[in-house]
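Student: I have a model open and want to go through some side chains and then the fold. Can you take me through it?

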Amino acid sequence: MHAQEVIRSIEAEQLKSDLPTVHIGDTVRVGVRIREGNKERVQPYEGTVIAMRNGGINQTMTVRRVFQGVGVERVFLIHSPRIASITIVRRGKVRRAKLFYLRERVGKATRVKQRFDRGI
């Protein structure tokens, strides 16, 4: 076996199989494992998916939300053990691969149309 095949087999073991298909523009609730002292809890982070990058074990998604009037973006490694769950709240209908234009928008202008042809 070549080194690349060994790496691919190790990565295949780490891939999560129970994830929903997430698209750009979807509103998702990501359960993030937070460690506080010796206790662990799951903290939900809900927002709009504005970007997806890479593939396989390195796949990431950028989720944006507005918290107390300030836009907050977090990049999540989808297959990370720190991600407990990904739930789709609503499907978005967009025509772009990256929604970086939402950064300049405020209030109702940041709304994304809902898509009904894909199930949740």
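Student: Leaving out residues up to four places away in sequence, what does Arg-91 touch?
Tutor: Arg-91 touches Thr-21, Val-22, His-23, Asp-26, Lys-113, Gln-114, Arg-115, Arg-118, Gly-119 and Ile-120. Contact here means heavy atoms within 4.5 Å. Keep in mind that this is a predicted model, where local features need pLDDT of at least 70, side-chain atom pairs count only at pLDDT 80 or more, and totals for chains, interfaces and linings use all residues. Residues are numbered from 1 along each chain as its sequence is written, and side-chain values use heavy atoms, with hydrogens and water left out.

Student: Where does Arg-91 lie?
Tutor: Arg-91 is in the loop between strand E5 (83-90) and strand E6 (92-93). Helices (H or I, at least four residues) and strands (E, at least two) are DSSP runs, numbered from the N terminus.

Student: Why does Arg-91 count as buried?
Tutor: Because its relative accessibility is 5%. Buried means under 20% relative accessible area, exposed means over 50%, and partly exposed is in between, with a 1.4 Å probe and protein chains only.

Student: Which side chain makes a polar contact with the side chain of Arg-91?
Tutor: That of Asp-26, at 2.8 Å. A polar contact is a pair of N or O atoms within 3.5 Å; within protein, one must be able to donate a hydrogen and the other to accept it, and residues adjacent in sequence count only if both atoms are side-chain atoms.

Student: Now His-79. Is His-79 buried or exposed?
Tutor: Buried, with a relative accessible area of 12%. His-79 is in the loop between E4 and E5. A polar atom of its side chain lies 3.5 Å from the backbone oxygen of Gly-56. Leaving aside neighbours within four places in sequence, the contacts of His-79 include Gln-14, Leu-15, Ile-57 and Gln-59.

Student: On to rings. How many aromatic pairs does the structure hold?
Tutor: One. Tyr-45 and Phe-76 form it edge-to-face, with 5.6 Å centre to centre and 65° between the planes. Rings of Phe, Tyr and Trp (its six-membered ring) pair if their centres lie within 6.5 Å; planes under 30 degrees apart count as stacked, over 60 as edge-to-face and the rest as tilted.

Student: Which charged end sits over the ring of Tyr-45?
Tutor: That of Arg-74, 5.3 Å from the ring centre. Arg-65 also lies over the face of Tyr-45, at 5.1 Å from the ring centre. A charge sits over a ring if NZ of Lys or CZ of Arg is within 6 Å of the ring centre and within 35 degrees of the ring normal.

Student: In what order do the strands of the open sheet run?
Tutor: The order of the five strands is E4-E3-E2-E1-E5, with antiparallel pairing. E4 and E5 are the edge strands, each pairing on one side only. Two strands pair if DSSP finds at least two bridges between them.

Student: How many bridges join E2 and E3?
Tutor: Five, in the antiparallel sense, with E3 covering residues 60-67. Arg-64 in E3 is the bridge partner of Thr-48.
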